[in-house]
Amino acid sequence: MAAVIEKSPFRVVHTVCSHDCPDSCAVLVTVDQRGRAIKVQGDPSQPVTQGFLCGKVAKYLDRVYAPERILYPLRRKLGVAKGPLARGREHEAFERVSWDEALDAIAARLQMVSEKYGPEAILPYSYAGTIGVLGYGSMDRRFFHRLGASQLDRTICSEAGGVAWNLVYGKKMGTPTEDFRLAKLIVAWGANIHGNNVHLWPFVEQARRNGARLIVIDPYKTRTAALADWHIAIRPGTDGALALGVMHVILREGLEDRAYIAEMTHGFEQLAERVREYTPERVAAWTGMTAGEVEQLAREYATTQPAAIRLNYGVQRAEFGGAAVRTIAMLPALTGAWKYRGGGGQLSTSGAFLWNKKAVERPDLALASPLGRLARVVNMSELGRALTQLGQAREQGSEIRDQGIGNGKPKDDRQDGPAVHALFVYNSNPGAVAPNQNSVRKGLARPDLFTVVHELFFTDTTDYADYVLPATTFLEHKDIQGAYGHYFVQLSQRAIEPPGESRSNVWLFGQLAQRMGFTEECFRDTPEEMIRQALSIGPDGHSTNAAMEHITVQDLEREGHIPLGFHKEGFQPFTSGPLATPSGKIEFHSETLAAQGLDGVPRFVPPAESRFGEAAARYPLEFLGRKADNYMNSTFANLGGHRKMEARTTQRLEMHPTDAEARGIGDGDPVRVWNERGSLELKALVNGSVPAGVVAARLDWAKMHTDGSNVNALTSERLTDLGGGPTFYSTLVEVGKA
Ligand code: SF4
């Protein structure tokens, strides 16, 4: 709705919040006569946004017009070493250059790296700094495919859980967000709804007004946990054990839905056999619950309908997080909860948006690259290793490691290859968010590594950049977007001109392609053309993508948001087949995994870095590098207003009184947290936010810490059992008075 209000000096423009959040809010931006945005508000006509924005984005203009915003291309001054720069004085390390100078120099260096080491020595690094279809992955993918650059396995957030959910259901879909209002029991499993999925909360409240109970399963006492009827603070990484124990009780007491199981599922016998060993007593010993609590949860879950599980991505960031998500995802299939409107579960709805990615990303361009094939794949969760070890094994005549085994993905024989000599970062801040920060920094500090960062602000990553290029916010570029927390296709209009010389991803990579001499027409596509490609607009003007056939670009321009075709009153997923799994049914047992020698039915294994592992003798505390309610990973952490909202836990280590007392630590004492990868200096906050044996600190920018490190100084590059994701929440530490 790029609507102009008649006779008003203001325009109100429909945009979409493109931050990495399930809610994908419809945002109305009021723009004055000078072209300046003066107000942002949630679109009241969008059924999930319902007219409000979260605390992160309600004050978005503070970000758009922040005085610290980078507005011009910058080049590192000669002789300035790479490494942490004093906050607020970063600009002193750089000099302003024109876009032409920057693009010419970057293109020349990429060309040189490609010729000297092979194009796979160039590594793009991006994630969900923007989740619009074009901003997330379009012209950039075309560019890097055509270049022959290494492909990036974008695993850092949701891969383990996504692979796990798809193994069970074939598609990342779930209970419609609006239908949670109909539930009689809501289980928020690793889901801080009130903090990070706040547009689900009004539906939760509506359900509770109608008598529903809210159970939160989370080792940390989040805002949501504090508001729950029952907060179950299990130990980190034991979610899979709890889900298996719940199944044990359900089957022991005959509470399963046999008719649903017979009609819709595959592998029930194998599952029943597996869960027999997970008695409430054994599960209690792992999770820290009592056996009675495990039984109570199972009975309440199985005998209340509709029961909805909101499962979020925290669960899968443990070493066996893939198995945990698979197991939890099976619960509504065991009880037949999908049959009841408002019941079932939701991890993500992103699988419902079948964008034409081939047209948008053009992987076929790899055939025209100097490689003549798709390039090797580098896992972004192992960036430190990639920057410090890749290429060396070849010189030593051996392979580095086999990343393909055990992560549920086919083995990639192209893992080895040249060292990375050029890194192109956009939509991400790996200096803050990637695991094993010291290893990442060691790699970023290599004087021979050429690094380009496309960013809005100086970050932990720009401290290592050769070139910093100014990026746009979602108010300043056009895009199309789905969601992973609802079923609406939305168009995000450009509301304002980009400030200074900031430019979008689409513009940047289109320009670079031309500098590199890529003559393919697709590098000249406009955002409008790419939106039509994403939608697969057919000759009659309608999308030919599944569930989008009723959508035209004109309708989207006018409406701003349109529901997917199936998203009508009464839609209930997984109530009829065939599903997109190998058996066409919900899979309790996966032949695919069994054929790879993996667990056909999930089981529970405690993480190596947990109180049950050998390393606990040296590092006895389980560490949670948790996310802030008012930041988006590291995004927003530089803004004063947002930091104020998080002041309570700034540079604090939350500890249980038992653990603090055992170490002679009092509330407010300076403490050091350490393990073999790094250390962190914080102040103790002795409270009841974590169970005994667990400590927690918040993710923000390393450069804002007194010692220049953040929580990722402690996390490892160990990968999850499925999907090759990071294991942020399987981290052991010791703590002492500083
Ligand atoms: S961050 Fe999430 S809740 Fe906040 S405005 Fe963006 S989409 Fe909405």
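Two strands count as paired here if DSSP finds at least two bridges between them. Everything shown below comes from a predicted model.

View 1. Strand E4 (residues 74-76) and E5 run antiparallel to each other and are joined over three bridges. Look across from Leu-74 and you'll find Arg-96 of E5 standing opposite. Strands in a sheet pair through backbone hydrogen bonds, in either the parallel or the antiparallel sense.

**View 2. The whole six-stranded sheet.** Zoom out and the strand order reads E5-E4-E17-E16-E15-E6, in an open sheet with mixed pairing. Strand E5 (94-96) and strand E6 (122-126) sit at the edges, each pairing on one side only. On average, neighbouring strands in this sheet are turned by 20° against each other, direction ignored.

**View 3. The five-stranded sheet.** This one is open too, with parallel pairing and the order E10-E9-E8-E12-E13. Strand E10 (230-232) and strand E13 (344-346) each have a single partner strand, so one side of each goes without a neighbour in the sheet. Neighbouring strands here are turned by 15° against each other on average, again ignoring direction.

**View 4. Strand E10, its partner and a helix lying across.** Strand E9 (residues 213-217) pairs with E10 in the parallel sense, over three bridges. Ile-215 stands opposite Trp-230, which belongs to E10. Helix H13 (residues 291-303) lies across strand E8 (185-189), E9, E10 and strand E12 (307-311), and runs at about 125° to E10.

**View 5. Phe-143 in the largest nonpolar core.** The largest core has 178 residues, and Phe-143 and Trp-189 touch the most other members. Helix H9 (residues 239-252) supplies the largest share of this core, nine residues. Setting aside neighbours within four places in sequence, Phe-143 is in contact with Leu-110, Phe-509, Leu-512, Ala-513, Met-516, Phe-518 and Phe-523. Another core, of 32 residues, lies apart from the largest one and includes Ala-37, Leu-53, Ala-66 and Phe-474. In soluble globular proteins, nonpolar side chains tend to be buried together.

**View 6. The largest cavity and its lining.** The model has six cavities of 30 Å³ or more. The largest cavity comes out at about 120 Å³ in volume. It is lined by 15 residues, and those closest to its centre are Cys-21, Asp-23, Cys-25, Cys-54 and His-199.

Terms used
Residues are numbered from 1 along each chain as its sequence is written. This is a predicted model: local features need pLDDT of at least 70, side-chain atom pairs count only at pLDDT 80 or more; totals for chains, interfaces and linings use all residues. Side-chain values use heavy atoms; hydrogens and water are left out. Helices (H or I, at least four residues) and strands (E, at least two) are DSSP runs, numbered from the N terminus. Axes are lines fitted to C-alpha atoms, for helices over the stretch in contact, and angles run from 0 to 180 degrees between N-to-C directions. Contact means heavy atoms within 4.5 Å. A nonpolar core is a set of buried Ala, Val, Leu, Ile, Met, Phe, Trp, Tyr and Cys residues joined through side-chain atoms within 4.5 Å. Buried means under 20% relative accessible area, exposed over 50%, partly exposed in between (1.4 Å probe, protein chains only). On a 1 Å grid over the protein atoms alone, a cavity is a set of points where a 1.4 Å probe fits but cannot get out, and a pocket is an open set with protein on both sides within 12 Å along at least five of seven lines; lining residues have an atom within 4 Å of a point. Grid points are joined across faces, edges and corners, and a volume is the space filled by probe spheres set on the points.
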